[in-house]
Amino acid sequence: MSNDFTCSISSIRFDENYHPADSTRLTTNFANLARGEHRQENLRKTLRMINNRFNALASWDNPTADRYSVEVDIVSANMDIKGNGDTFPVIETLKTTIIDHKDNKRIEGMIGNSFSSYVRDYDFSIVLPDHFDKNPTSPPPEHFGDLHGKLFQHLLNSDAYQANFSKKPVICLSVSTSKTYHRTNNQHPVLGVEYRQDEYSLTDEYFHKMGLTVRYFMPTGSAAPLAFYFAGDLLSDYTDLELISTISTMDTFQKIYRPEIYNANSTAGQVYQPSLKYQDYSLTQIVYDREERSQLAVKQGKITEEQFIKPYQSILEQWAANYSAQKETVKKHAA
């Protein structure tokens, strides 16, 4: 069985004129914002929040807090399983570019940031509920997330990814509401104070199968820690401006999507238990339909089952059984 599932990369600018592509998961934060009568106002306000957050963090040589702005591109990775030209949208992430208005130059930002996956919808909205319906007291299936993890690693090792990006992605998500986080004495000048927990969440374990490690940091000005998923060394592989581009982008989305945690009126303490039932928080002026997002996740999981999992099941199972990230030629990413 060949490992040559063909990957291709495409992108679209996330700006005030953005319209979601047909293949974009509608549960995705940025797609949700770009719908309805408030779509353009939503997008303008979101981009303004990102830029303001970036300048607040990149405050050196920036006395009027307007030196930088951030361009955001939505990056879609598609995979051709049979080699016949029929592709399925496997992964969607964000790529940031930093505009330095003082020096009049463009600076590479971070690839990753948000993370969107139809196969993850299938795993968490179809496979997992079905398993717990039948086995309510048992842990998740032993091989839960294996296929998704191997598809993701195959993408990172692909010629298409390495031709477009010089570094591996950093994914920045919300912390889990089912876990308790403890503040440490470790503090990074950009990422902020580090938190740790005694036990990984199901999402942490899922991303581990993608080859990613997790650390939790609360940047200056944030109300709660963020979960950073990465391969390599988060603290030395990326520049300060790259890290700030991720923080400013994803802290903004989390304030919109989970205001109870990330737009709370008080910051996380020494021991922190995130909760969506917290009452003392502020709403952004951006319209976001969280209830519809939850409903769509199930619908999109079913679409994945019908259009990807079942039609290619035997191929995918054989490929996954024989796949090993170590067998692929791993090309070094430029620093």
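This is a predicted model: local features need pLDDT of at least 70, side-chain atom pairs count only at pLDDT 80 or more; totals for chains, interfaces and linings use all residues.
Local features need pLDDT of at least 70, side-chain atom pairs count only at pLDDT 80 or more, and totals for chains, interfaces and linings use all residues. Residues are numbered from 1 along each chain as its sequence is written, and side-chain values use heavy atoms, without hydrogens and water.

An open sheet of mixed pairing is formed by 10 strands, in the order 1-2-3-4-5-9-8-7-6-10. Strands (E, at least two residues) and helices (H or I, at least four) are DSSP runs numbered from the N terminus; two strands pair if DSSP finds at least two bridges between them. Strand 1 (6-14) and strand 10 (271-272) are the edge strands, each pairing on one side only. Strand 3 (residues 87-100) and strand 4 (residues 105-116) run antiparallel, joined by eight bridges. Here I98 stands opposite I107 in strand 4.

Helix 3 (residues 118-134) packs on the sheet and touches strand 3, strand 4 and strand 5 (170-174). Its direction makes about 120° with that of strand 3. Angles run from 0 to 180 degrees between N-to-C directions, with axes fitted to C-alpha atoms, for helices over the stretch in contact (heavy atoms within 4.5 Å).

Beyond four places in sequence, the contacts of F228 include C172, L191 and F217. C172 is buried, at 0% relative accessible area; buried means under 20% (1.4 Å probe, protein chains only).

Key: Buried means under 20% relative accessible area, exposed over 50%, partly exposed in between (1.4 Å probe, protein chains only).
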